[in-house]
Amino acid sequence: MSLPLSRSEVFGELRKELHEDEKFHQSDVHIFIIMGASGDLAKKKIYPTLWWLFRDGLLPEQTYFVGYARSDLTVDAIRTACLPHMKVEDSESERLEAFFKRNSYVSGKYDQDASFAKLHEYLLSLPSGAEANRLFYLALPPSVYHDVTQNIRHHCMATKGWNRIIVEKPFGRDLQSSEELSNHLSSLFTEDQIYRIDHYLGKEMVQNLMVLRFGNRIFGPIWNRDSVACVVLTFKEPFGTQGRGGYFDDFGIIRDVMQNHLLQMLCLVAMEKPATTSSDDVRDEKVKVLKCITPATLDDVVLGQYVGNPDGEGDAKLSYLDDPTVPKGSTTATFATAVLRVNNERWDGVPFILRCGKALNERKAEVRLQFKDVPGDIFSGQCRRNELVVRVQPNEAIYAKMMTKKPGGYFSPEETELDLTYRSRYKNVKLPDAYERLILDVFCGSQMHFVRSDELREAWRIFTPLLHKIEGEKTPPIQYPYGSRGPPEADELLKRVGFRYAGTYKWVEPNKL
């Protein structure tokens, strides 16, 4: 029996797979520049991720980290801010020292040529800085993207190594602003230098969708309109905006989750088999799916906003509008259910239901294919529909809901499951964080799990008319209590388009039988 892989071994395998790319060997020296090093994203995600990759020996041996922001900071200050998020073991203190020795910080303005010229000079002064590859992570508010990217292009590009730019969402607010940003970036960089990061594409089970679909004979014949009744993609969070309401109110749940995370998962469920697993072949198929989707309309959408639950505790008593950072009387949705249609030969007539929300009854992200009823029922209506569920978080799992004979002296069907729960099947395997995978992908030049400009354009085409209508008419969202399933109207919409919820199935954890 083979021993379970450690975290380092998992990543070592991944690195070996990705490092086939010859471009990786262009230069041995890499400089990772964090634009916006003083911000929350840098502190909570980027620095900790770089530390984990460095700790496990997965980055090129000569990699330097340079923070850049307007604040007057020191590396010690960055260290103090990041440590609570870095999960450092006592035995790793020496390695941690080595990591922070590779770190430095440069302070400067985002809109000044002189500041970026100073940054460039600093990068050149690092060991072998003139030959180094440069990775720029824009952990910044979109308002400064324009200036920063222009200044990087004109003052900070490597001349001997390669240059790669990592851009965080939001990629615009609608089709027009997204196109403006895309045109701006493409006037400065080539598409193979731009990495638009959607961290959901770094999650284990999202990446598993392709293997599940195209590596198993049993799913091919049933993965279509003949067998599938509907597809439900869900993203639920059990907490509200918690003081981030000001930022959230500007975007709303559709921009925050549905137009990116859920739509990306829809593409992986609905796309045809790509010619190869190369980045562009996969992304070509995703774009084809998006082109077949008609824009979402308000008739097929339910919007909600959470209100305080009088029986709740702590934050659960507070409504969205109680968040002091949210504008008074805001009609921004914190919950949305939308039905989309993929008008092609495989999926014609199958509803794709996208559901997402905050302050709901559980934390969950999943893909659920519900299959049609068995024709010619001989069990007097006792059979429930089969479902294939891919749970992205928490507790990664794939399970198929199916009917079996009830054990004992009965001859009646009962719901059960074929279950692959990762923590039971893959004991002691630590799954890497999504950001770890994606940042490693950027080092290796693999763009498969990043969003291409034509994908982005199609995604915004689907949602822009709906967003403009909601915001133009200030469509009032339906109120739902904190900690509930969301507005009952959303369940009605699911029922109307053909999703069946029996409420009789109970999942039992395999080890607790």
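Which residues does Ser 115 touch, not counting residues up to four places away in sequence? Tyr 68, Gly 108 and Lys 109. Contact here means heavy atoms within 4.5 Å.

Some ground rules before I go on. This is a predicted model, where local features need pLDDT of at least 70 and side-chain atom pairs count only at pLDDT 80 or more, while totals for chains, interfaces and linings use all residues. Residues are numbered from 1 along each chain as its sequence is written, and side-chain values use heavy atoms, with hydrogens and water left out.

Back to Ser 115. It is found in helix H5, residues 113-125. Helices (H or I, at least four residues) and strands (E, at least two) are DSSP runs, numbered from the N terminus. Ser 115 counts as buried because its relative accessibility is 9%. The cut-offs: buried is under 20% relative accessible area, exposed is over 50%, and partly exposed is in between, with a 1.4 Å probe and protein chains only.

Next, the open sheet. Seven strands form it, in the order S3-S2-S1-S4-S5-S6-S15, and the pairing is mixed. Two strands pair if DSSP finds at least two bridges between them. S3 (103-107) and S15 (450-451) stand at the edges with a single partner strand each, so one side of each has no neighbour in the sheet.

Look inside that sheet. S4 (residues 133-138) and S5 (residues 163-168) are parallel, over five bridges. Arg 134 stands opposite Asn 163 in S5. Helix H6, residues 145-155, lies across S1 (29-35), S4 and S5. Against S4, H6 runs at about 175°. Axes are lines fitted to C-alpha atoms, for helices over the stretch in contact, and angles run from 0 to 180 degrees between N-to-C directions.

Now strand S8, residues 301-307. Is it mostly covered or mostly open? Mostly covered: six of its seven residues are buried. S8 runs antiparallel to S9 (residues 335-341), joined by four bridges. Val 301 stands opposite Ala 338 in S9. With S16 (residues 478-481), S8 pairs in the parallel sense, over four bridges. There, Tyr 306 has Tyr 480 as its bridge partner.

Last, a helix pair. H2 (residues 40-55) packs on H12 (residues 434-444) at about 65°, with axes 9 Å apart. That makes the two roughly perpendicular; the class covers 65 to 115 degrees, with under 35 roughly parallel, over 145 roughly antiparallel and the rest oblique. Among the contact residues are Leu 41 and Trp 52 of H2, and Tyr 435 and Ile 439 of H12.
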